[in-house]
Amino acid sequence: MSPDNHKNIDLKFNTIRKEAEKRRAAFRDAPVPKIHIGMATCGIASGALETKKAFEEALVENNIEARIHTVGCFGHCYAEPVVIIDHPDSGFPPIFYHEVTPGKAKMLVKLFLGDGDPRFEHIYGATEENELIPSVTDFSRFNQEKRIVMEKCGRIDPEDIYDYIAAGGYSTLVRALKLDPEEVIKEVEHSGLRGRGGAGFPTGRKWKLAKSVIEQDKIVICNADEGDPGAYMDRTILESNPHQVLEGMAICAYAVGAQQAMVYVRSEYPLAVKLVTNAIQQAEKLGILGKGILDSTFDLKIDVFQGSGAFVCGEETALIRSIEGYRGMPRHRPPYPVQKGLWDKPTVINNVKTLASVPPILNHGATWYRGIGTQNSPGTAIFSIVGNVVHAGLVEIPMGVSLRTLIFDICGGIPNNKKFKAVQIGGPSGGCLNEDFLDTPIDFDSLTKAGAMMGSGGMVVMDEDTCMVEVARYFLDFTQKESCGKCTFCRIGTYHLLKILRRLTKGEGLEGDLELLETLSQDIQTGSLCGLGKTAPNPVLTSLKYFRNEYEAHAKEKRCPALMCRALTAFYFDLELCARGCDACATCCPVDAVFTTSNRKKGVDQELCVKCGECLVACPPEYDAVRKVSPPHLVPYIEKPPEKNKKDHK
Amino acid sequence: MMLKLLVDNQEIETREGKTLLQACLDNQIYIPNLCYLENVERPSASCRMCFVEIEGIKQPVPSCTVQVRDEMVVKTDTPGVRQLQRTALRLLLSVHDVDCKNCHANKNCELQNIAKFLKVGLKPKRLERYLKETQIDETHPFLNHYPNRCVLCGKCVHICRGKHGQSVLTFAKRGFDTVISTYSVTDVSSLACSDCGSCVKACPVGALALKESS
Ligand SMILES: Cc1cc2nc3c(=O)[nH]c(=O)nc-3n(C[C@H](O)[C@H](O)[C@H](O)COP(=O)(O)O)c2cc1C
């Protein structure tokens with residue numbers, strides 16, 4: 001854009017920024033305490049709405065003045081609802097409180113805001129270094145993270161564009177608008193940014209391809225379909241800082257020459273839909289989006305499209321079809337979307353995290369970005385870590401950190417003194433890795449080499465009680481259901497895989513099943529039309545490779561080593577330990593499968609038992625008499641007194 | 001412009017703009033296929049049968065998705081290709097009601113032809129057979145549909161849409177349950193089906209038939 005234009009842009013943006021700074025200063029300098037409450041879906045699910053209400057009520061009741069600042073997600077799911085109280089008059093630094101129930105909220109208002117007592121027993125940590133309270137940055141869950149994409153998540157109000165601008169937001173768009181589009185693309189290319197939607201395609205190259213298409217009408221799509229079970233990175237970003245994603249989209253559109261853009265978000269994410277829609281409206285109102293952005297000659301209209309939540313619609317060609325109003329079925333590529341995309345127009349599709357990485361990259365420069373992460377995978381990786389791990393939640397780490405560091409240092413390891421068994425990375429299309437891989441660095445190429453994949457960032461940690469055949473069955477059940485049904489391999493092949501896995505977990509495996517799983521998986525990988533089918537066998541192939549003995553135990557001995565598969569396990573009571581006259585197990589058994597032996601101990605009627613494990617929980621720890629075994633025939637014979645005795649007894 | 005390709009060590013000539021599959025078929029080189037339709041801009045590529053190996057490309061590719069290039073070197077019968085074709089066929093047969101004697105497409109059926117060509121028996125050996133409950137879907141006023149014969153190639157859907165602007169037949173449900181459905185069309189007067197029959201002709205197997213009465 002011409003220098004004339006540059007001046008207009010600066011003028012216009014400076015007015016907006018001044019207003020933002022004024023508002024922020026007014027908030028900051030107000031002589032009252034501030035209460036920051038995490039209010040993304042995760043917080044709300046843990047009761048943040050009730051917590052907020054409790055704060056409001058308590059403030060009125062105690063006649064205390066304070067400002068409530070609703071923010072997005074900090075990523076610390078294990079600690080929700082999370083609240084930070086900044087009460088300078090108390091002499092304490094801002095304090096991070098976890099699991100703030102309404103009761104805790106009322107108490108904190110009264111005792112901390114009212115009496116200046118921060119209630120040490122409830123403190124998680126101070127948010128900054130200080131002399132009085134240990135800081136959260138002492139914990140590796142905080143200090144080993146590197147927040148680039150999520151830097152502002154949990155710090156700003158996602159519903160207030162001025163909050164984002166005051167934190168430096170949209171200044172990168174201003175800078176980009178004063179560069180040539182080619183320079184913007186070059187910077188992104190130099191940064192080495194790779195797509196965070198799964199495949200890791202170089203973003204700069206994608207933009208360059210789109211730029212080089214002569215056609216005028218181009219489209220940018222932000223892919224927020226996020227269909228992996230258990231993954232919520234994109235949702236959290238959209239709910240915590242939608243403007244950073246919009247800023248990335250605007251920069252992308254400017255660089256490739258698009259005037260139209262879309263956020264494709266599943267309708268199961270109502271809060272994300274609402275917040276993004278609201279963010280677009282606010283940006284348009286301020287002239288940061290829409291016609292003549294910041295008084296320049298660049299126009300961009302961003303719309304929100306709500307998908308119906310099919311996993312396959314995250315695949316870019318299916319996504320396009322679904323926007324066009326067709327059944328969400330993938331199509332053969334090439335042509336790639338950058339050549340022929342939505343309504344046959346050149347279309348750049350990028351993941352939420354990819355686009356949200358763009359403003360920090362342009363802001364700090366490609367060299368800075370390259371300095372984070374590894375040679376071939378620069379930048380950070382965002383994972384939603386769930387399963388058997390102490391500090392579950394969203395984590396942003398530099399690429400190259402080992403799985404061990406992530407799981408054991410940053411996320412606190414495996415709970416309940418259990419042993420680590422496997423980690424599933426990359427969602428349903430990823431792979432299960434065993435402990436031999438714990439020192440694998442997390443980056444695109446290392447994970448792919450190990451047979452897993454980066455995917456979009458889902459990570460499930462599993463302990464020793466997890467059966468890998470069952471895990472493979474679970475993921476296949478998902479992919480099989482989510483197959484669009486178009487191509488032969490995926491539609492029928494994954495169904496066979498599922499059926500075979502199902503019969504293995506039931507002890508009904510047939511001769512040659514493992515070999516069949518293997519060859520069929522390989523053919524589905526090579527033969528399928530789209531990424532869904534091509535990657536669906538990954539959980540099967542990796543678990544077969546790294547946990548083969550477990551498959552063999554199921555197939556040959558009808559045994560489940562992890563004691564997880566119900567059909568292959570049975571319960572009994574160790575009569576040496578079982579306490580005479582104790583009825584704990586019998587009273588909790590939902591199917592009356594527990595009987596009393598002739599010497600008033602307990603036995604299990606195997607015919608009736610549904611293997612729910614309630615007795616295991618109910619048996620008092622001082623007896624610890626319940627045993628679970630596999631295969632079921634290992635259960636010792638315990639004589640059941642004749643039925644009529646029981647009746648007589650009554 | 002005419003192009004020369006080398007397919008299975010045999011030189012063939014073809015015109016620019018053709019798909020590799022079409023070029024081979026034009027030159028009497030048979031490649032198994034079920035969903036391919038000539039002159040469709042973007043092939044469905046869903047049956048996963050027409051794999052070939054092309055020099056310079058690691059893995060087999062469906063030849064319907066490839067535009068011919070001059071001096072392309074192609075092999076249609078490598079072990080890799082045959083492996084995929086046989087598995088695809090076996091998968092299709094594992095959900096197929098193999099009852100050829102009672103099927104109107106007997107001896108005029110692409111599945112039979114391909115099985116013969118690939119030397120695959122019609123009864124699956126290693127794969128279990130899973131059939132749908134509905135044997136005949138008779139909801140359409142003029143057509144009967146046999147879900148357990150259908151290979152879901154989509155030809156009928158495409159042809160119908162091409163002819164009538166809007167398809168009476170369409171895909172319904174998802175994944176393994178995907179079927180061709182008419183969504184219970186009720187307005188008989190709006191249907192041109194009685195004297196069309198294009199879908200029945202397009203079906204490579206015996207999954208569609210005009211009702212006796214119509
Ligand atoms: C079955 C399937 C599901 C996918 N789901 C998503 C998704 O939810 N979000 C996403 O960004 N990409 C998803 N992708 C990848 C997209 O096709 C595409 O590669 C990506 O959006 C490109 O963006 P990127 O270059 O920024 O990664 C999926 C791919 C497949 C095969």
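This is a short tour of a predicted model, one selection at a time.

**Stop 1: a sheet in chain A**

Start with the strands β1 to β5 of chain A. In what order do the 5 strands of this open sheet lie? Reading across, you get β2-β1-β3-β4-β5, and the pairing is mixed. Colour β2 (67-71) and β5 (123-126) of chain A, and you have the edge strands, each of which pairs on one side only. Look at how the strands are set against each other: neighbours in this sheet are turned by 25° on average, ignoring direction.

Now zoom in on strand β1 (residues 34-38) of chain A. Strand β1 and β2(A) run in the parallel sense, paired over 5 bridges. To see one spot along this pair, select Gly38(A) and look across to β2(A), where Val71(A) stands opposite.

**Stop 2: salt bridges inside chain A**

Next, show the charged side chains. How many salt bridges are there over all chains? The count comes to 41. Here are some to click on.

Select Asp163(A) and Arg24(A). Their side chains meet in a salt bridge, with 3.5 Å from N to O. This pair links distant parts of the chain: Asp163(A) sits in helix α6 (residues 161-166) of chain A, Arg24(A) sits in helix α1 (residues 3-29) of chain A, and the two are 139 residues apart.

Helix α23 of chain A has another pair for you. Select Arg548(A) and Glu518(A), whose side chains form a salt bridge at 3.3 Å from N to O. Glu518(A) is in helix α20 (residues 513-527) of chain A and Arg548(A) is in helix α23 of chain A, so the pair joins parts that are 30 residues apart in sequence. Glu518(A) is partly exposed, at 27% relative accessibility, and Arg548(A) is also partly exposed, at 24%.

Before you leave the charged residues, select Glu19(A), Lys22(A) and Arg23(A) together. What links these three? They are joined in a network of salt bridges.

**Stop 3: a covered helix**

How many of its 9 residues are buried? The answer is 8, so the helix is mostly covered, since a residue counts as buried under 20% relative accessible area. Click through the buried ones, including Pro539(A), Val540(A), Leu541(A), Leu544(A) and Tyr546(A). Asn538(A), Thr542(A) and Ser543(A) are on the buried list as well.

**Stop 4: a single asparagine**

Now select Asn143(A), which lies in helix α5 (residues 140-143) of chain A. Asn143(A) is partly exposed, at 42% relative accessibility. Which residues does Asn143(A) contact, leaving aside its neighbours within four places in sequence? They are Thr137(A) and Asp138(A). Draw a distance from the side chain of Asn143(A) to the backbone of Thr137(A): a polar atom of that side chain lies 2.8 Å from the backbone oxygen.

**Stop 5: where chain B meets chain A**

Finally, show both chains. The size of an interface is often given as the accessible area lost when the parts come together. Between chain B and chain A, about 3000 Å² is buried, with carbon and sulfur atoms giving 58% of this area. Select the residues in contact and you will find 31 from chain B and 36 from chain A.

What holds polar interest here? There are 13 residue pairs in polar contact between the two chains, with both residues at pLDDT 80 or more. Which elements of chain B give two or more residues to the side that touches chain A? They are α2 (79-94) and β7 (170-172) of chain B. Of these, α2(B) gives the most, with 7 residues.

The interface also has 2 salt bridges. To see one of them, select Glu41(B) and Lys340(A), whose closest N and O atoms are 3.0 Å apart.

Conventions: Residues are numbered from 1 along each chain as its sequence is written. Chains are lettered from A and ligands numbered from 1 in the order in which they are written. This is a predicted model: local features need pLDDT of at least 70, side-chain atom pairs count only at pLDDT 80 or more; totals for chains, interfaces and linings use all residues. Side-chain values use heavy atoms; hydrogens and water are left out. A salt bridge is a side-chain nitrogen of Lys or Arg within 4 Å of a carboxyl oxygen of Asp or Glu. Helices (H or I, at least four residues) and strands (E, at least two) are DSSP runs, numbered from the N terminus. Buried means under 20% relative accessible area, exposed over 50%, partly exposed in between (1.4 Å probe, protein chains only). Two strands pair if DSSP finds at least two bridges between them. Axes are lines fitted to C-alpha atoms, for helices over the stretch in contact, and angles run from 0 to 180 degrees between N-to-C directions. Contact means heavy atoms within 4.5 Å. Buried area is the accessible area (1.4 Å probe) that two parts lose on being put together, summed over both. A polar contact is a pair of N or O atoms within 3.5 Å; within protein, one must be able to donate a hydrogen and the other to accept it, and residues adjacent in sequence count only if both atoms are side-chain atoms.
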